[in-house]
Amino acid sequence: MTNESHVLDTPPPGANADWTIDQGWERYTADEHAVWDTLYQRQIKLLPGRASKAYLKGLEALRLSESGIPNFEELSDRLERLTGWRVVAVPGLVPDDVFFEHMANRRFVSGNFIRRADQLDYLQEPDVFHDVFGHVPMLADPVFADYLEAYGRGGLRALDLGALKQLARLYWYTVEFGLVEEDGDLRIYGSGIVSSSAESVFALDDPSPHRIAFDLKRVMRTEYRIDDFQQNYFVIPSFDELLRVTVETDFAPVYDEILPLPAVPVAAILDSDRVIHHGTQDYARAKGWGELVA
Ligand code: HBI
Ligand code: FE
């Protein structure tokens with residue numbers, strides 16, 4: 001997840017020049033491994049029938065069912081054989097250019113710390129459960145693996161073109177909170193959903209949020225909240241299609257077109273949208289966000 005407020009400018013003491021650190025796997029305590037196991041057990045009961053086949057297949061292929069926080073070296077060796085990606089540890093949020101540079105080279109940066117037992121449901125900084133359980137299974141899928149590498153290259157380019165905010169929205173509404181259509185049903189694949197027990201249910205079953213067919217420009221114009229359930233989800237028809245539009249689109253003219261346009265507020269519906277489920281927005285109203293959903 002993104003939260004720019006905590007990002008330092010230079011690597012903290014002990015980190016390498018590319019911001020990576022040793023995972024320090026042998027330093028995890030039994031309590032920390034137990035937090036992983038608790039979170040894992042909770043999610044694994046929910047995900048069959050909710051998570052996309054690609055995600056569930058990745059979970060299996062990477063043997064994430066083994067107890068305790070995964071060792072990144074062993075995990076990376078398995079992942080590299082499948083798609084060439086590796087997982088590297090970082091101390092927390094890293095600067096955008098560092099994040100994209102790793103991604104463009106098929107290295108996924110992951111926090112090495114884990115949330116405390118009294119914070120199972122919510123935290124803003126991405127911890128090892130969010131990063132590994134949430135993100136890494138999708139990286140075992142060859143199509144998604146290519147998508148994320150393309151995203152990393154696109155990120156470096158967006159920085160040059162002054163369009164980071166627009167490209168970050170694409171990440172948010174696909175990699176973090178995406179839904180995919182599979183066998184005529186909706187499935188979750190976004191890491192922020194599959195790693196959250198409450199949002200795994202909310203994203204698919206709650207009548208409140210809008211579920212809108214994915215459109216690249218539309219998504220890149222749409223604001224998002226980082227502190228609660230999403231009020232709109234975007235549905236891709238397949239990972240092949242997501243990869244295809246991302247690599248076939250020349251983003252520079254798209255940015256020229258959308259940068260002057262107003263951002264689309266969370267929960268707005270546009271005439272051009274193909275709406276799959278028009279949400280009631282009851283959840284948003286109960287939270288007092290009513291002015292956004294008039
Ligand atoms: N750093 N560790 C980490 N994890 C992220 O998800 C992350 C980051 N730095 C920047 C960043 N995300 C954003 O720039 C992107 O989501 C666009
Ligand atoms: Fe994330």
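Predicted model: local features only at pLDDT ≥ 70, side-chain atom pairs only at ≥ 80, totals over all residues.

1. Five strands form an open sheet in the order β4-β3-β6-β5-β7, and the pairing is mixed. At the edges are β4 (185–188) and β7 (275–277), each of which pairs on one side only. On average, neighbouring strands of this sheet are turned by 40° against each other, direction ignored.

2. Now for the neighbours of β6. With strand β3 (residues 179–182), β6 pairs in the parallel sense over two bridges. Strand β5 (residues 210–213) also runs parallel to β6, and four bridges join the two.

3. Which residue of β6 is the bridge partner of Leu 179? The partner is Val 235. Val 235 in β6 also has Ala 213 standing opposite.

4. Finally, is β6 mostly covered or uncovered? Strand β6 (residues 232–236) is mostly covered, with five of its five residues buried. Asn 232, Phe 234 and Ile 236 point one way from the strand, while Tyr 233 and Val 235 point the other way. Residues pointing either way are buried, so Val 235, the bridge partner of Leu 179, has under 20% relative accessible area.

Conventions
Residues numbered from 1 in each chain as written. Chains lettered and ligands numbered in written order. Heavy atoms only, no water. Buried < 20%, exposed > 50% of the residue type's maximum accessible area, 1.4 Å probe, protein only. Pairing = 2+ DSSP bridges. Axes fitted to C-alpha atoms, helices over the stretch in contact; angles between N-to-C directions.
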